[in-house]
Amino acid sequence: SGPVLRALMPSNVRIGSAVDGGLLASDERYRARLAADFNAVTAENAMKWANLEPGPGRHDWTASDQLVDFAQANGQAVYGHTLVWHSSVPSWVVEGWPRERLRAVLRQHVTTTVSRYRGKVWAWDVVNEVLAENGTLRDSLWLRRLGPGYIADAFRWAHEADPDARLFINDYGAEGRGRKADGLHRLVRNLRAGGVPVHGVGFQGHLRADAPPKDPTGNLRRFAALGVSVAITELDVRIQLPTNTEKLLNQALLYQHMLRACLTVATCESFTVWGFTDASSWISSHYPGYGAACLYDEQFRPKPARDALLHEL
Ligand code: XIL
């Protein structure tokens, strides 16, 4: 009943949502909405390393396979998230190991995961959140132990495992102009100049309704000018609770603004929200006092933000 987002998107831009594995397995209403509105999906947690490989060489593909099967059954593309991150590193991976051993387990993880989903995952977040707020490389286990070359290595390993997958670098806080975006732009330019197979830049977009990013359209454009695709990968727009009509309207305008930025930039390939319903969103547990960040409310009723997206299409 009524128009759905995926039917209105231009054919060269996908609209996606992060998927909560628990609800996917248990809630028919959740599955129906996910299938109706979106033609792409991202695992919210199921493809993170700590979940995929709870013990060394001991994999659990159950939840990620379920998502891939659901996507195939519903004509949805799968966006793989995420191969190399400072977070969700399995507890059996030990920082004090010799450098070559650490590098070998990371390489094995990338190769095993990308190979398993070769031809089934259209794009991977190869590295996630590698930058610090000032635009330099983030201090992480990988930087400390492997040095800055881990980023190029990860892209090369992923490319070897699936030469057809689109390979993205993904980060937050770089949606608008600023030091972090400048740093990301420099990094991508240098990687490309070095022949590293980086095909796209993902902008997470964990935004606050009252703090819009600065000139996202112009910012996305200057990345596109590097010859890469861009994508909005994890959009949500949190509200300081309680909500009211004005806050929901500001939220709707910001969702719409971000969609417009993506549609305006020729190489923007996908627009993904980080969960579509307030019934399942990471915001309230990670940002105390905030919530109501999604397109649908907790009862799966569409909010003004969803109408605003429909209106933009
Ligand atoms: C979050 C999930 O939504 C939570 O369920 C989990 O507890 C922590 O990770 N940037 C990312 C995502 O790249 O992987 C994060 O997802 C949100 C921030």
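A: Happy to! Axes here are lines fitted to C-alpha atoms, for helices over the stretch in contact, and angles run from 0 to 180 degrees between N-to-C directions. Keep in mind that this is a predicted model. With that in hand, helix α11 (residues 245–264) packs against helix α13 (residues 304–312) at an angle of about 35 degrees, and their axes are 8 Å apart. The crossing of α11 and α13 is right-handed.

On the α11 side, the contact is made by Leu248, Leu249, Gln251, Ala252, Leu253, Tyr255, Gln256, Leu259 and Arg260. Facing them in α13 are Pro304, Ala305, Asp307, Ala308, Leu309, His311 and Glu312. Sorted by class, this contact between α11 and α13 holds 10 nonpolar, 3 polar and 3 charged residues.

Now for the backbone. Most residues other than glycine have a negative phi, and most peptide bonds are trans. The loop between β8 (229–240) and α11 contains proline 242, and a cis peptide bond links leucine 241 to proline 242, with omega about 0 degrees. Another cis peptide bond joins histidine 81 and threonine 82, where omega is about -5 degrees; threonine 82 sits in the loop between β3 (77–80) and α6 (99–116).

Aspartate 215 is not a glycine, yet has a positive phi of about 50 degrees. Aspartate 215 belongs to the loop between β7 (206–208) and α10 (216–224), and it counts as partly exposed because it has 16 C-beta neighbours inside 10 Å.

Terms used
Residues numbered from 1 in each chain as written. Predicted model: local features only at pLDDT ≥ 70, side-chain atom pairs only at ≥ 80, totals over all residues. Helix = DSSP H or I, 4+ residues; strand = E, 2+ residues; numbered from the N terminus. Left-handed = near helix turned anticlockwise from the far one by under 90°. Contact = placed C-beta atoms within 7 Å. Nonpolar A, V, L, I, M, F, W, Y, C, P; charged D, E, K, R; others polar. Buried ≥ 20, exposed ≤ 12 C-beta atoms within 10 Å, placed from the backbone.
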